[in-house]
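The following note sets out points for a colleague who is examining the model. Please read it alongside the sequence and the coordinates.

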Amino acid sequence: MMYAQRRFLPLHAQGGCTAHLPESNGQNLVVTEALLESAKRFARGGYDVIVDGIIGPWFSAPWTQADALGYEVHYVVLMAGRIETMKRAVGRSKLNKKTNAELVEIMWKQFCRLGDYERFVIDTTNRSIDETVSLIKERIDKKTHLQKLEKLAAFLNGAGIMTALT
């Protein structure tokens, strides 16, 4: 079961603010918690769940709680180099080219300093989607990205965009 964070982000259309702004922290926490609760329900139903979204360490507390409740949480960071990330972003049709480039530049800077969490990165710069998916499956099967998230809570300069619950 694949669950995309973007399904939970219509809040800014209902009076919330754009998700990358500092003042969006409260709404983003609500989105993160809703996403996690949904994922946990599917996991309890016997499904393997992949959560696709931006799950940075500033939202680690709900994932820490899931880990403490016995869910197996894998932390995978998919990240391309800056130039490739910008190339991919400007091709998106949701926003105009300038807005996409500005947002991606801000987010890429936030997410490029991983420190101890570099081991969770899968560099997608020169990988096809199929190659990336195969590598994710391999690492989840080998449990190399199994993350006890109490460590993640102390990490302040990183990013996560895929978490799997089993």
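How many residues has helix α4, and how far does it reach from its first C-alpha to its last?

1. Helix α4 (residues 97–111) has 15 residues and reaches 21 Å between its first and last C-alpha atoms, close to the 21 Å expected at 1.5 Å a residue. The expected span is 1.5 Å times one less than the number of residues. Helices (H or I, at least four residues) and strands (E, at least two) are DSSP runs, numbered from the N terminus.

2. On the basis of the values: this is a predicted model, in which local features need pLDDT of at least 70 and side-chain atom pairs count only at pLDDT 80 or more, while totals for chains, interfaces and linings use all residues. Residues are numbered from 1 along each chain as its sequence is written, and side-chain values use heavy atoms, with hydrogens and water left out.

3. The buried residues of α4 are N100, L103, V104, E105 and F111. Buried means under 20% relative accessible area, exposed over 50%, and partly exposed in between (1.4 Å probe, protein chains only). The cover over these residues includes β3 and α3, where contact means heavy atoms within 4.5 Å. F111 has a relative accessible area of 8% and is therefore classed as buried.

4. Strand β3 (residues 73–79) is mostly covered, with six of its seven residues buried. It runs parallel to strand β4 (residues 121–123), to which three bridges join it. L78 has I122 as its bridge partner in β4. Two strands pair if DSSP finds at least two bridges between them.

5. Which residues make up the largest nonpolar core? This core has 11 residues: L35, L36, A39, A43, V49, V51, I55, W63, A66, Y71 and V73. Two or more residues each come from α1 (25–44), β2 (49–52) and α2 (60–68), and α1 gives the largest share, four residues. Apart from this core lies another, of seven residues, including Y75, V77, M79 and Y117. A nonpolar core is a set of buried Ala, Val, Leu, Ile, Met, Phe, Trp, Tyr and Cys residues joined through side-chain atoms within 4.5 Å. In soluble globular proteins, nonpolar side chains tend to be buried together.

6. Seven salt bridges are found in the whole structure, each defined by a side-chain nitrogen of Lys or Arg within 4 Å of a carboxyl oxygen of Asp or Glu. One of them joins E72 to K143, at 2.7 Å from N to O. This pair links distant parts of the chain, 71 residues apart: E72 is in the loop between α2 and β3, and K143 in the loop between α5 (129–141) and α6 (150–153). E72 is partly exposed at 25% relative accessibility, as is K143 at 40%.

7. E84 and R88 also form a salt bridge, with their closest N and O atoms 3.0 Å apart. Both belong to helix α3 (residues 82–90) and are four residues apart, so about one helical turn separates them. R88 is partly exposed, at 35%.

8. In the salt bridge between K142 and E138, the closest N and O atoms are 3.7 Å apart. K142 is exposed, with a relative accessible area of 57%, whereas E138 is partly exposed at 37%.
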